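Here is a briefing on one protein chain.

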Amino acid sequence: MTQVGSVYGEALYTLAQEEDLSRTILEELSVLDQSFRAEPDFIRLLRSPNLSAQERCNILDDCFRGKVHEYVLNFLKILTEKGYIRYFSDCCKAYESSFNHDNGILPVTAITAVSLSPVQAQKLTEKLCRITGKQVKLLNRVDPAVLGGVRLDYDGKQLDDTVSHRLDAVGGLLKNTVL
C-alpha cells in the first residue's frame, strides 16, 4: 500500500466514522474499486492530461452523482484533481483496513487446491473465529500447485499446511541428509 493510499484512505475513513457512514462508504468503495479494476480505461481517462481538472470532475459528476454518497463522489474528485486517482485501490485498502481494525474483522485468505465447499468454508471460518476471537472474513483462492491441504494468509502471517509445503520440507531433509 502506498503512502498516498494510506493518508487519503484513512482520512476518508475518519470522516465516514464521524458521520456513522463507515459501512455504507466501504460498500460503495468496494463496488467502485471492482468496477475500476474491470475497466482500467476509466482511470486512464481521469488521469488524461488532455482534459482539464474541471472536465474530469464533470465526468465524475455525470457518472456518479446521485448513485454514490456525496463523500465518495467528492473523494473521487479530490483524488482526480490532485493527480492521485491512480492510487484509488490503495485508498480503498487503507479504508478497509481501518474499518476491519475498528470492527474486529480479520480478513483471511485460504489457498487450496480446489474450492472449499460452503460447509468447509463455514467450519473453517467458525474455527478461526474461535481461535482469533475476531470476526473472520474468509476468502478462498484456488491454486492447484498446493496439491492438497490449506494455506492461511492473514495479518501478515502465513500458516502453511499444504501437501506441496510438506513435500518441500521432506525434500529439504533428504537433500541435507548424508548417507
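**Packing around L76**

L76 touches L32, F36, L60, F64, I85 and F88, leaving out residues up to four places away in sequence; contact means heavy atoms within 4.5 Å. This is a predicted model: local features need pLDDT of at least 70, side-chain atom pairs count only at pLDDT 80 or more, and totals for chains, interfaces and linings use all residues. Residues are numbered from 1 along each chain as its sequence is written, and side-chain values use heavy atoms, with hydrogens and water left out.

**Nonpolar cores**

- The largest nonpolar core holds 29 residues. Such a core is a set of buried Ala, Val, Leu, Ile, Met, Phe, Trp, Tyr and Cys residues joined through side-chain atoms within 4.5 Å.
- Buried means under 20% relative accessible area, exposed means over 50%, and partly exposed lies in between (1.4 Å probe, protein chains only).
- F64, L76 and F88 have the most contacts inside the largest core.
- At least two residues of this core come from each of α1 (3–18), α2 (22–38), α3 (40–47), α4 (53–64), α5 (70–82) and α6 (88–102). Helices (H or I, at least four residues) and strands (E, at least two) are DSSP runs, numbered from the N terminus.
- A second, separate core has eight residues, including L106, V108, L124 and V136.
- In soluble globular proteins, nonpolar side chains tend to be buried together.

**Helix α5**

- Which residues of α5 are buried? They are V72, L73, F75, L76, K77, L79 and T80.
- The buried residues of α5 pack against α1, α2, α3, α4 and α6.
- The 13 residues of α5 should span 18 Å at 1.5 Å a residue, and its end C-alpha atoms are 18 Å apart, which agrees. The expected span is 1.5 Å times one less than the number of residues.
- G83 follows α5 and has a positive phi, near 80°.

- Four strands form an open sheet, ordered β2-β1-β3-β4, with mixed pairing. Two strands pair if DSSP finds at least two bridges between them.
- The edge strands, β2 (135–142) and β4 (157–162), each pair on one side only.
- From one strand to the next, the twist averages 20°.
- Strands β1 (residues 105–112) and β3 (residues 149–154) run antiparallel and are joined by five bridges.
- I111 has R151 in β3 as its bridge partner.
- Helix α8 (residues 163–176) packs on the sheet and touches β3 and β4. The direction of α8 makes about 85° with that of β4. Axes are lines fitted to C-alpha atoms, for helices over the stretch in contact, and angles run from 0 to 180 degrees between N-to-C directions.

**Salt bridges**

- How many salt bridges does a search of the whole structure find? The search finds six. A salt bridge is a side-chain nitrogen of Lys or Arg within 4 Å of a carboxyl oxygen of Asp or Glu.
- D41 pairs with R44 in a salt bridge, with the closest N and O atoms 2.4 Å apart. Both lie in helix α3, three residues apart, about one turn of the helix.
- D41 is partly exposed, at 47% relative accessible area. The C-alpha atoms of D41 and L60 are separated by 14 Å, and the two residues are 19 residues apart along the chain.
- K137 forms a salt bridge with E96, the closest N and O atoms being 2.6 Å apart. This pair links distant parts of the chain: K137 is in strand β2 and E96 in helix α6, 41 residues apart.
- K137 counts as partly exposed at 43% relative accessibility. E96 is also partly exposed, at 24% relative accessible area.
- R151 forms a salt bridge with D153, with the closest N and O atoms 3.3 Å apart. R151 counts as buried at 17% relative accessibility.

**Positive phi outside glycine**

- D20 is not a glycine, yet has a positive phi of about 60°. D20 sits in the loop between α1 and α2 and is exposed, with a relative accessible area of 69%.
- D155 is not a glycine either, and its phi is positive, about 50°. D155 lies in the loop between β3 and β4 and is exposed, with a relative accessible area of 57%.
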